[in-house]
Amino acid sequence: MKIDRFAVSLFATCGILLSSGCGGPAADKPAGDKPTDTPAPTTAGTTANAGAKGLKLGFAQVGAESGWRTANTESIKSECEKQGVDLKFSDAQQKQENQIKAIRSFIAQGVDVIAFSPVVETGWAPVLQEAKRAHIPVIVSDRRADVPDDLYATFIGSDFIKEGEMAGEWLVKKTGGTANIAELTGTPGSAPANDRAKGFRTAIGKAAGLKIVFSQTGEFTRTKGKEVMEALLKSPVGNTVNVVFAHNDDMALGAIQAIEATGKKPGKDIVVLSIDGIKDGFKAMVDGKLNCSVECNPLLGPNIIDAAVQLKAGKTLPKRTVVQDGIFDQSVAAKELPNRKY
Ligand code: AHR
């Protein structure tokens with residue numbers, strides 16, 4: 001099967017495109033809920049930014065739940081180190097209350113800019129109002145927060161709805177439009193879980209024979225993905241499943257282990273597709289166990305630093321910058337694996 005690598009963002013930055021190891025041609029339409037109509041505010045990853053040295057940046061990270069998250073954290077930390085940014089980093093261990101505490105502590109410390117990747121979509125308005133009252137600009141990174149536009153300066157991240165659609169469109173072609181699907185969803189209430197589920201349903205809705213017969217959270221972790229899949233395969237509905245759609249590669253990799261433990265062949269007896277495009281996902285594609293992975297680029301560090309520098313200088317940024325992603329399957333995995341940066 002041939003697969004086209006395609007870009008999903010009209011205004012993806014050069015830096016993100018280069019650092020992803022992707023480089024597919026741009027699609028002819030913009031993606032994202034509110035795509036910016038100005039170029040992304042960055043020369044990310046190219047030169048050090050004059051205003052970065054000594055800039056105080058507070059970053060409230062979701063946690064360390066996945067390979068994607070580890071790469072995202074590494075991108076932010078290494079770029080801060082490279083550019084001399086004074087980074088205050090907090091790992092919320094997937095708990096919203098920890099992120100809120102971290103943001104309050106950044107406000108108390110008087111940082112120049114706050115960035116955070118919201119673990120869930122809702123519940124952010126009060127703490128972001130506090131940041132606004134303290135005149136500290138906020139960058140929303142990776143995941144959307146459901147708040148009024150005036151409570152944040154800019155949102156940089158992938159279009160998760162589009163990612164779900166890309167996965168669904170691939171599956172329609174792969175199966176010819178008939179299959180029983182088990183869905184492993186991400187963290188409940190998070191933007192990627194909500195949006196990938198939505199985009200996937202829109203795409204498979206065009207094929208009446210594609211049915212989601214099971215849907216449960218694996219919380220974006222390999223361990224939980226395995227556990228959920230093990231339980232499913234022991235149930236009557238498990239015998240009917242011939243596709244697993246996981247909202248990230250880690251859950252798919254856990255599911256693959258569970259499938260193998262039953263003597264079935266993942267990638268053949270059960271089609272497995274997921275999102276992220278991490279190296280471990282590519283290795284599983286090369287081994288024939290994962291069929292397809294939609295990319296979600298985590299290398300946001302350079303863009304976040306660029307945005308922070310501009311915000312400190314009093315500039316206004318586009319409200320939305322959509323990161324460019326691709327899609328890869330087994331037919332291209334071996335060739336692409338050496339190019340992967342995460
Ligand atoms: O928000 C991005 C998602 O969060 C990634 O797809 C997933 O792996 C991570 O946990």
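Modeller: Thr185 counts as buried, because its relative accessibility is 14% and the cut-off for buried is under 20%. Please keep in mind that this is a predicted model.

Biologist: Where does Thr185 sit, and which residues does it touch?

Modeller: Thr185 lies in strand β6. Leaving aside residues up to four places away in sequence, Thr185 touches Ser215, Gln216, Thr217, Gly218, Glu219 and Phe220, together with His247 and Met251.

Biologist: What is the strand order in the sheet that holds β6?

Modeller: The order is β7-β6-β8-β9-β10-β12, in an open sheet of 6 strands with mixed pairing. β7 (209-217) and β12 (327-329) stand at the edges with a single partner strand each, so one side of each has no neighbour in the sheet. On average, and ignoring direction, neighbouring strands of this sheet are turned by 20 degrees against each other.

Biologist: How do β8 and β9 pair, and which residue of β9 is the bridge partner of Phe245?

Modeller: Strand β8 (residues 243-246) and strand β9 (residues 271-276) run in the parallel sense and pair over 3 bridges. The bridge partner of Phe245 in β9 is Leu273, and that of Val244 is Val272.

Biologist: Is β9 enclosed or open?

Modeller: β9 is largely enclosed by the rest of the structure, since 6 of its 6 residues are buried. Val271, Leu273 and Ile275 point one way from the strand, while Val272, Ser274 and Asp276 point the other way, and all are buried.

Biologist: Which strands does helix α8 touch?

Modeller: Helix α8 (residues 249-261) packs on the sheet and touches β6, β8, β9 and β10 (292-295), and its direction makes about 155 degrees with that of β9. There is also helix α7 (residues 222-234), which lies across β6 (178-185), β7 and β8 and runs at about 120 degrees to β7.

Biologist: Staying with α8, how many of its residues are buried?

Modeller: In α8, 10 of the 13 residues are buried, so the helix is largely enclosed by the rest of the structure. Among the buried ones are Asp249 and Asp250, as well as Met251, Leu253 and Ile256. From its first C-alpha to its last, α8 reaches 19 Å, close to the 18 Å expected at 1.5 Å a residue. Just after α8, Gly263 takes a positive phi of about 90 degrees.

Biologist: Changing topic, at what angle do α5 and α6 pack, and what is the handedness of their crossing?

Modeller: Helix α5 (residues 160-175) and helix α6 (residues 191-204) pack at about 35 degrees, with 6 Å between their axes, and their crossing is right-handed. The contact brings residues of α5, including Phe160, Ala167, Gly168 and Leu171, together with residues of α6, including Asp195, Gly199, Phe200 and Ala203. The residues of this contact divide into 10 nonpolar, 4 polar and 6 charged.

Biologist: And the sheet that starts with β2, what is its order?

Modeller: That open sheet of 6 strands has the order β2-β1-β3-β4-β5-β11, and its pairing is parallel. β2 (86-91) and β11 (320-322) are the edge strands, each of which pairs on one side only. Here neighbouring strands are turned by 15 degrees against each other on average, direction ignored. Within this sheet, β1 (residues 56-61) and β3 (residues 113-116) pair in the parallel sense over 4 bridges, and Phe59 stands opposite Ala115 in β3. Helix α2 (residues 67-83) packs on the sheet, touching β1 and β2, and its direction makes about 175 degrees with that of β1.

Biologist: Is Thr73 buried or exposed?

Modeller: Thr73, whose place is in helix α2, is buried, with a relative accessible area of 13%. Apart from residues up to four places away in sequence, Thr73 touches Gln61, Gly63 and Phe89.

How values were computed. Residues are numbered from 1 along each chain as its sequence is written. This is a predicted model: local features need pLDDT of at least 70, side-chain atom pairs count only at pLDDT 80 or more; totals for chains, interfaces and linings use all residues. Side-chain values use heavy atoms; hydrogens and water are left out. Two strands pair if DSSP finds at least two bridges between them. Helices (H or I, at least four residues) and strands (E, at least two) are DSSP runs, numbered from the N terminus. Axes are lines fitted to C-alpha atoms, for helices over the stretch in contact, and angles run from 0 to 180 degrees between N-to-C directions. Contact means heavy atoms within 4.5 Å. A crossing is left-handed if the near helix is turned anticlockwise from the far one by less than a right angle, and right-handed if clockwise. Ala, Val, Leu, Ile, Met, Phe, Trp, Tyr, Cys and Pro count as nonpolar, Asp, Glu, Lys and Arg as charged, and the others, Gly among them, as polar. Buried means under 20% relative accessible area, exposed over 50%, partly exposed in between (1.4 Å probe, protein chains only). The expected span of a helix is 1.5 Å times one less than its number of residues.
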